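Reader: Hello! Could you show me how to read the inside of a protein model, step by step?
Author: Gladly; let us look at the picture together.

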Amino acid sequence: MSKEALEATRKHKKSEHGPDRGEIRRNAKESTRIEDEWRLDGEAAKKKGNKEGKDTGKTYSYIDELVRLQFELIKLQEWVLKKGLKVVVIFEGRDAAGKGGVIKRITEGLNPRVCRIVALATPTERERGQWYFQRYIANLPAKGEIVLLDRSWYNRAGVERVMGFCTEDEYNEFLRACPLFEDMLIRSGIVLVKYWFSVNDEEQERRFKERIANPIKRWKLSPMDLKSREHWVEYSRAKDVMQKHTDTDISPWYVINADNKKKARLNCISHLLTTIPYEELPPAKIVLAPRQHDVTYVRPPKESQRWVPELY
């Protein structure tokens, strides 16, 4: 990179009119610290960890606790794979409540072939003509899989209800059928866990404003999110009705105080680990085979390949 380009970058960072990069830096530092913990202090984190968690008070370190919980998630993943469990975790809540952040922290150290995220887009015209639950069924887990639903079939009781995207009959039918549908899933062997992330009005507004200023997060702020601010009370009423009909003994709602993102992440992961009894399995022994030797192989000259310029 030329001196002129570097100088232009510095000036852009210092510009009062440029984007607020404080949150970007904090997120980058957090990710780096987590990676360092995994790389340098992983064994220590595993040894001090336990499924019940510690008596936190105000003495715990967020990064230390997060890494400890992530190691427990690895143990849970191996147990799910070994026992052929089918796990579905639903994440619902207000816009900007922190659902994506906790999902990211859960999946950080897991195998994407075992634990996958499902975030469905707006239904197509064909999907609108299907049985409402049909497109979600196609994304349910097979044996040995964990599916994290970043929003779910509860769209019908939330955004579709408030914004008028479904009829009154469709809405009432959902409230009647949903407990039966979930009961059927659970009786078929699926472990279903449902989380509602609760965030207060002032904190949601602060996060919306931060997303507007943060180019990395601006994509999260959809026109529908902005519209939801105008229907805050209607969403609250819809949530209350939804939970009244679908918070059952066999499929309960677990509500997480999400006003503090970091605490919400730790509380959610810690609770998730208690919903599925698991044991630590001995790791499989992996033997690294010797590298193949072939004296006849000749590597092509570097000049014959398109190498990426080393600017850094």
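Author: First, a word on names: helices (H or I, at least four residues) and strands (E, at least two) are DSSP runs, numbered from the N terminus. This is a predicted model, where local features need pLDDT of at least 70, side-chain atom pairs count only at pLDDT 80 or more, and totals for chains, interfaces and linings use all residues. Residues are numbered from 1 along each chain as its sequence is written, and side-chain values use heavy atoms, with hydrogens and water left out.

Reader: Which elements each supply at least two residues of the lining of the largest cavity?
Author: They are α4 (62–83), β1 and β3 (145–150). Among the lining residues are Leu73, Val87 and Ile146.

Reader: How does that lining divide by class?
Author: Ala, Val, Leu, Ile, Met, Phe, Trp, Tyr, Cys and Pro count as nonpolar, Asp, Glu, Lys and Arg as charged, and the others, Gly among them, as polar. This lining has 11 nonpolar residues, with no polar and no charged ones. The second largest cavity, of about 40 Å³, has a lining of 4 nonpolar, 1 polar and 2 charged residues. Helix α13 (residues 261–275) gives the largest share of that lining, 3 residues.

Reader: Is Glu92 buried or exposed?
Author: Buried means under 20% relative accessible area, exposed over 50%, partly exposed in between (1.4 Å probe, protein chains only). Glu92, in strand β1 (residues 86–93), has 3%, so Glu92 is buried.

Reader: Which side chain does a polar contact of 2.8 Å join to that of Glu92?
Author: A polar contact is a pair of N or O atoms within 3.5 Å; within protein, one must be able to donate a hydrogen and the other to accept it, and residues adjacent in sequence count only if both atoms are side-chain atoms. The partner of Glu92 is Ser152.

How values were computed
On a 1 Å grid over the protein atoms alone, a cavity is a set of points where a 1.4 Å probe fits but cannot get out, and a pocket is an open set with protein on both sides within 12 Å along at least five of seven lines; lining residues have an atom within 4 Å of a point. Grid points are joined across faces, edges and corners, and a volume is the space filled by probe spheres set on the points.
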